[in-house]
Amino acid sequence: MATGTQKTIDEIDDIMEMAQAMNALGISCKGLKTLDQMKDKVTTILHQTANKPSWTARKAFAILSEAKDERTRKKEILLSLYKDAEQCLEDMDDNILSLLRSKAGNIEENIKKHKLQLDRGEYFLLVAD
């Protein structure tokens with residue numbers, strides 16, 4: 001079951017997380033280079049649309065639904081890639097695998113950790129006021 005974490009714009013401290021929030025809201029990141037620029041644009045646009053009656057619950061739901069579908073699609077792609085990587089590691093020559101582990105650490109454990117993170121189904125919801 002997915003859990004949600006609500007954050008205000010000011011609480012977002014990761015540029016990738018802000019880009020995902022902007023994408024979910026349908027706000028372009030084009031031309032923006034810093035996290036502060038992104039926050040300013042989101043704040044400005046949300047304040048502009050707050051006074052317009054066109055921002056309805058139906059539109060908000062549609063945006064969140066699209067974001068969820070996009071996340072699900074990306075999750076399936078990643079799980080497929082992890083499965084392919086696991087198969088590749090299984091078929092790999094022991095000497096090459098040993099050399100790879102010496103440079104990259106415990107690959108199998110890292111893949112397992114990332115797959116578990118994907119299964120948590122955690123997502124973030126941006127709340128602006």
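These notebook entries cover the salt bridges and cysteines I looked up in a predicted model.

**Ground rules.** I number residues from 1 along each chain as its sequence is written, and I use heavy atoms for side-chain values, leaving out hydrogens and water. Because the model is predicted, local features need pLDDT of at least 70 and side-chain atom pairs count only at pLDDT 80 or more, while totals for chains, interfaces and linings use all residues.

**Entry 1: salt bridges.** I looked for salt bridges, taking one to be a side-chain nitrogen of Lys or Arg within 4 Å of a carboxyl oxygen of Asp or Glu. The count came to five.

**Entry 2: around glutamate 70.** Which residue forms a salt bridge with arginine 73? I found glutamate 70, with the closest N and O atoms 2.8 Å apart. Both residues lie in helix α3 (residues 57–91), three residues apart, about one turn of the helix. Helices here are DSSP runs of H or I with at least four residues, numbered from the N terminus.

I then looked at lysine 74, whose side chain also meets that of glutamate 70 in a salt bridge, at 3.7 Å from N to O. Lysine 74 and glutamate 70 are both in helix α3, four residues apart, again about one turn.

**Entry 3: accessibility at this site.** I call a residue buried under 20% relative accessible area, exposed over 50% and partly exposed in between, with a 1.4 Å probe and protein chains only. Glutamate 70 has 28% relative accessibility, so I noted it as partly exposed. Arginine 73, at 41%, is partly exposed, and lysine 74 has 44% and is partly exposed.

**Entry 4: a link between helices.** I looked up glutamate 86 and found a salt bridge with lysine 115, the closest N and O atoms being 3.2 Å apart. This pair links distant parts of the chain: glutamate 86 is in helix α3 and lysine 115 in helix α5 (residues 107–120), 29 residues apart. Glutamate 86 is partly exposed at 30% relative accessible area, and lysine 115 is partly exposed at 27%. I also noted that salt bridges with shared partners join Glu70, Arg73 and Lys74 into one network.

**Entry 5: cysteines.** How many disulfides does the rule give? I counted zero, with a disulfide taken as a pair of cysteine sulfur atoms within 2.5 Å. I checked the accessibility of cysteine 29, which is partly exposed with a relative accessible area of 27%. Cysteine 88 is partly exposed, with 46%.

Note on methods: Helices (H or I, at least four residues) and strands (E, at least two) are DSSP runs, numbered from the N terminus.
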